[in-house]
Amino acid sequence: MNKYQQMEFFLHKNHGYLFTSEVEKASISRTYLARFVKENQLEKVAKGIYISPDTWPDELYILQICNPRIVYWGETALYLHGLLDRKYSDIYVSVPPKYNQTRLREQGIIVHQEKQEIYELGIVEIETNFGNRVRTYDKERCICDLVKNRKKVEVQHFQTAMKTFMGDRTKNLSRFLMYGEKLKIRDELMKYVEVML
């Protein structure tokens, strides 16, 4: 396989995305990369990330690639799980302690920071609408965060997400209540469980 074929393989394997880091790991020079990008009319969507002309940019995936430690949170996580009936208006992410948030905030991203053990609680990978995998919290954690921050959430979003979650046969109530214990909201969660189930 020659260098061009390798880059074509990377582009195909990554669903229309080409990463400079992957090209460099394959010992392909930036000169070859630049030529390949130009000849194939790839678009640069972020530092070190190119997409083919027939690929729709997936903002959540691109942001995740540029910031591997972020976890989608809040309204964005609810949307990824299908717990909202409309698209998120802002991108919400959770980051670990001491994470430099400046670049994210400059991009208009709403950043939430917690202690390490809370940040790690319930992280899963999920597919975006474009079929790319990103990190978010599981449904149970999303609803716990929703209850914990309910005063900052639109009433309609809160009700839609709660009804959808409570009606979901795949929900794990023991995990939900265990998260509630760790987030110190178990009693509040029990009220919703008793009323809605």
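1. A friendly start with a cysteine: Cys66 is partly exposed because its relative accessibility is 30%, where buried means under 20% relative accessible area, exposed over 50% and partly exposed in between (1.4 Å probe, protein chains only). Cys144, by contrast in setting, is buried at a relative accessible area of 0%. Cys144 is in no disulfide, and the nearest cysteine sulfur, that of Cys142, is 9.3 Å away. With a disulfide taken as a pair of cysteine sulfur atoms within 2.5 Å, the count comes to zero.

2. Some ground rules before going on. This is a predicted model, in which local features need pLDDT of at least 70 and side-chain atom pairs count only at pLDDT 80 or more, while totals for chains, interfaces and linings use all residues. Residues are numbered from 1 along each chain as its sequence is written, and side-chain values use heavy atoms, with hydrogens and water left out.

3. Helix α8 deserves a look. Helices (H or I, at least four residues) and strands (E, at least two) are DSSP runs numbered from the N terminus. How many of the 10 residues of α8 are buried? Nine of them are, so the helix is mostly covered. The buried residues are Lys139, Glu140, Arg141, Cys142, Ile143, Cys144, Asp145, Leu146 and Val147. Their cover includes α5 (74–80), α7, β8, α9 (155–166), α10 (173–182) and α11 (186–196).

4. Lys139 belongs to this helix, which spans residues 139–148. Its side chain makes a polar contact of 2.5 Å with the side chain of Asp168. A polar contact is a pair of N or O atoms within 3.5 Å; within protein, one must be able to donate a hydrogen and the other to accept it, and residues adjacent in sequence count only if both atoms are side-chain atoms. Setting aside neighbours within four places in sequence, Lys139 is in contact (heavy atoms within 4.5 Å) with His81, Leu83, Phe165, Asp168 and Thr170.

5. Arg141 lies over the face of Tyr137, at 4.0 Å from the ring centre. For such a case, NZ of Lys or CZ of Arg must be within 6 Å of the ring centre and within 35 degrees of the ring normal.

6. On to the hairpin. Strands β7 (residues 123–127) and β8 (residues 133–137) pair in the antiparallel sense over five bridges; pairing needs at least two DSSP bridges between the strands. Glu127 stands opposite Arg133 in β8. Five residues lie between the strands, and Gly131 takes a positive phi near 85 degrees.

7. In the loop between α7 (116–119) and β7 sits Glu120. Glu120 is partly exposed, at 46% relative accessibility, and its side chain joins that of Gln116 in a polar contact of 2.6 Å. The C-alpha atoms of Glu120 and Pro96 are separated by 8.1 Å, though the two residues are 24 apart along the chain.

8. Finally, the rings. There are 10 aromatic pairs, which are Phe, Tyr and Trp (six-membered ring) with centres within 6.5 Å; planes under 30 degrees apart count as stacked, over 60 as edge-to-face and the rest as tilted. One of the pairs is Tyr4 and Tyr32, edge-to-face at 6.4 Å centre to centre with 80 degrees between the planes. Tyr4 is in helix α1 (residues 3–13) and Tyr32 in helix α3 (residues 30–39), 28 residues apart. Tyr4, Tyr32 and Phe36 form one aromatic cluster, and Arg35 lies over the face of Tyr32, 5.5 Å from the ring centre.
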